[in-house]
Amino acid sequence: MNPTDFEHLRLELRRGCLILAVLAELRSERHGYALVKALREGGLEIDENTLYPLLRRLETQKLLASAWRVESKRNKRFYRLSAEGRAVLAWLLEEWRTINGAIEKLTEAPIAAARRKA
Amino acid sequence: MSRELTNQELLDRYIQAVKMALMLPPDKMEDIGAEVRSNLESQMDDRAMALGRELRLEEVSAILKQYGHPVRVALQYREQPGRALISPALFPLYWFTLRAFLAVWVTIRLIVLVFVLQGTSPVGTIVLHLGRDVLLAAVIIPAAVTLLFAIWEYLEFKFRYSERWKPEALAPVPPHGLHAAKPRPVVQIVGGIASLIFWGLALYSPSFFWVWGARGVFSPSDALYAMRFPLWLLAFLVMSQSWLAYTRYAASTWLRVVRIGVTAAGVALAIVLLWTGDLLVAGPNWNPTQAKSLATLNQMFAGVLALACIIVGLGFVRKFIRLIRRSSSHPPTADLAS
């Protein structure tokens with residue numbers, strides 16, 4: 001597989017996880033750049049050009065609420081999880097755990113079989 | 001001598017370029033522009049704090065460059081960001097060209113329907129013409145323009161914004177903001193194409209015009225006929241320089257020079273035309289009862305030309321006064337050419 005194809009697959013895999021991470025981080029209010037830094041510190045590197053439009057889409061879906069406020073003499077847009085967003089986050093986390101468990105099982109079974117053969 | 005660009009000006013240019021590429025309603029455009037600005041300012045503050053000093057221009061430029069080309073940033077904010085047929089780099093130009101073509105097509109067909117077919121064809125024929133025009137405008141023109149740009153994209157025409165761009169080369173923010181400046185090129189291109197067609201038909205084939213119930217009622221005057229090529233060339237140049245304003249050459253000095261030259265040539269040609277007197281004279285099918293209408297038409301043309309000269313002249317005077325004021329309010333190193 002060439003690197004471009006792999007990158008495409010990797011991005012696809014990350015896309016869904018990213019929404020989950022963003023929703024989880026916005027349980028406490030943050031402005032865009034602070035969110036980028038928090039995600040980065042949590043080990044999730046993200047392209048800012050992907051994040052900000054994503055925030056707007058999540059806001060359009062009423063999962064986030066935003067407000068402009070002045071902080072350190074700068075006008076900044078602060079995002080936080082809405083009530084609907086909290087419910088969706090809980091469902092998504094549940095889904096995430098199910099998927100994660102299934103993937104673990106599916107990937108571990110062939111490895112264990114291979115070990116037994118060896 | 002050039003005044004050095006400030007960090008704030010560079011950021012303003014970048015935000016303006018993002019907003020222009022968004023092609024969204026003004027309220028959304030301003031909101032997204034403010035958000036991008038806020039994010040960039042946060043990054044710059046962070047960087048300045050880490051360095052313990054104010055950022056230099058090249059450091060601000062590096063942050064903007066890393067943030068991405070304004071077109072790419074803008075495209076991420078659009079409703080459907082994934083466009084494979086036409087890349088983010090070409091999309092604004094494609095969208096603009098498509099709208100310009102459609103505007104010209106609709107204008108021309110409306111003129112033909114209202115002035116040429118009216119009274120000479122039955123209503124049914126006009127409706128049929130209208131139906132065909134709608135089909136052409138809705139399907140064939142977008143398809144043709146899209147195909148052209150898709151081929152352009154495929155051939156990887158040397159138009160790679162994302163790799164070669166420099167934040168410093170972005171267009172300066174116009175003094176009255178983005179809204180005042182944005183529609184100008186569209187109007188110029190549509191006007192330019194309409195002028196090309198009009199002058200082409202009027203001067204090379206005056207008998208095309210069906211007015212007052214017959215063809216060949218009027219002809220261009222000798223002076224106007226003699227100037228047909230410069231007029232056609234002027235319309236072509238106006239159109240081309242407006243189109244170039246949507247390309248990466250928008251902020252280049254040579255384009256500014258061309259713009260000034262084209263405007264000056266336009267004023268000069270208008271003055272010469274006004275000087276020569278009537279632009280239209282009686283044609284082979286003219287009859288004396290149309291004399292008053294012909295005179296009115298000539299007066300109208302003369303009025304439009306005179307008005308255009310006055311407006312452009314006043315524009316020049318205003319710019320000149322502003323230039324003098326700016327140069328007197330800046331230190332001696334200020335940019336007198338900006």
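1. A polar contact is taken here as a pair of N or O atoms within 3.5 Å, where, within protein, one atom must be able to donate a hydrogen and the other to accept it. On that basis, in this predicted model, nine residue pairs are in polar contact between chain B and chain A, counting pairs with both residues at pLDDT 80 or more. Helix 2 (26–51) and helix 4 (70–77) of chain B each supply at least two residues of the side of chain B that touches chain A, and helix 2 of chain B gives the most to that side, with 11 residues.

2. As for extent, the contact draws 19 residues from chain B and 18 residues from chain A, and the two chains bury about 1600 Å² between them, with 41% of that area on carbon and sulfur atoms. Within chain B, the residues that lose the most area to chain A are B:Asp31, B:Glu35 and B:Gln76, which together account for 29% of what that side buries.

3. One pairing to inspect is that of A:Arg77 with B:Glu35, whose side chains meet in a salt bridge at 4.0 Å, N to O.

4. Leaving aside its neighbours within four places in sequence, B:Asn39 is in contact with A:Gly32, A:Tyr33, A:Tyr52 and B:Tyr67.

Technical notes:
Residues are numbered from 1 along each chain as its sequence is written. Chains are lettered from A and ligands numbered from 1 in the order in which they are written. This is a predicted model: local features need pLDDT of at least 70, side-chain atom pairs count only at pLDDT 80 or more; totals for chains, interfaces and linings use all residues. Side-chain values use heavy atoms; hydrogens and water are left out. Contact means heavy atoms within 4.5 Å. Buried area is the accessible area (1.4 Å probe) that two parts lose on being put together, summed over both. A polar contact is a pair of N or O atoms within 3.5 Å; within protein, one must be able to donate a hydrogen and the other to accept it, and residues adjacent in sequence count only if both atoms are side-chain atoms. Helices (H or I, at least four residues) and strands (E, at least two) are DSSP runs, numbered from the N terminus.
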